Amino acid sequence: MPKMKTKAAAKKRFSFTASGKVKSGQAGKRHGMIKRTTKFIRDARGTTVLTDADAKIVKKYMPYNR
């Protein structure tokens with residue numbers, strides 16, 4: 001069997017923690033920051049860990065990065 005391909009879009013957007021969880025950037029911070037509350041902007045700094053349901057989809061896109 002040939003090797004499976006990793007989705008290039010997923011490779012650029014997600015990374016894995018040492019325990020196998022999926023990290024991603026916070027959503028909702030590209031534009032429209034004026035209408036966002038200061039608390040939202042502050043809480044949305046850095047990265048976040050995806051939920052199990054979303055992580056399952058991402059892991060299907062990245063078969064060798066586990």
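Reader: In this predicted model, what counts as a strand, and in which strand is Ser 15 found?

Author: A strand here is a DSSP run of E with at least two residues, and strands are numbered from the N terminus. The run that covers residues 14-16 carries Ser 15, and that run is strand 1.

Reader: Where does Ser 24 lie, and is Ser 24 buried or exposed?

Author: Ser 24 is located in strand 2, and, not counting residues up to four places away in sequence, it touches Arg 13, Phe 14, Thr 47, Thr 48 and Leu 50. Since the relative accessible area of Ser 24 is 8% and buried means under 20%, Ser 24 is buried.

Reader: What is the relative accessibility of Met 62, which is found in the segment after helix 3?

Author: Met 62 follows helix 3 (52-61), and its contacts, leaving aside neighbours within four places in sequence, are Thr 6, Ala 10, Lys 11, Phe 14 and Phe 16. The C-alpha atoms of Met 62 and Arg 13 are separated by 11 Å, although these residues are 49 places apart along the chain. Met 62 counts as buried, because its relative accessibility is 1%.

Reader: How many salt bridges does the structure hold, and how far apart are the closest N and O atoms of Asp 43 and Lys 39?

Author: In general, side chains of opposite charge can pair when their charged atoms come close. The structure holds one salt bridge, and Asp 43 and Lys 39 both lie in helix 2, four residues apart, which is about one turn of the helix. Asp 43 is partly exposed at 48%, whereas Lys 39 counts as exposed at 52%. The closest N and O atoms of Asp 43 and Lys 39 are apart by 3.0 Å.

Reader: Which residues gather with Arg 30 in a patch of positive charge on the surface?

Author: Arg 30 has its place in the loop between strand 2 (22-25) and helix 2 (38-43). Because its relative accessibility is 83%, Arg 30 counts as exposed. The residues that gather with Arg 30 in this surface patch of positive charge are Lys 11, Lys 12 and Arg 13.

Terms used. Residues numbered from 1 in each chain as written. Predicted model: local features only at pLDDT ≥ 70, side-chain atom pairs only at ≥ 80, totals over all residues. Heavy atoms only, no water. Patch = residues over 30% accessible without salt bridge, like charges linked within 9 Å, V, L, I, M, F, W, Y side chains within 5 Å. Areas by Shrake-Rupley, 256 points an atom, 1.4 Å probe, with all protein chains shown as cover. Salt bridge = Lys/Arg side-chain N within 4 Å of Asp/Glu carboxyl O. Lys, Arg positive; Asp, Glu negative; His and termini not counted. Charge placed at Lys NZ, Arg CZ, Asp CG, Glu CD. Buried < 20%, exposed > 50% of the residue type's maximum accessible area, 1.4 Å probe, protein only. Contact = heavy atoms within 4.5 Å.
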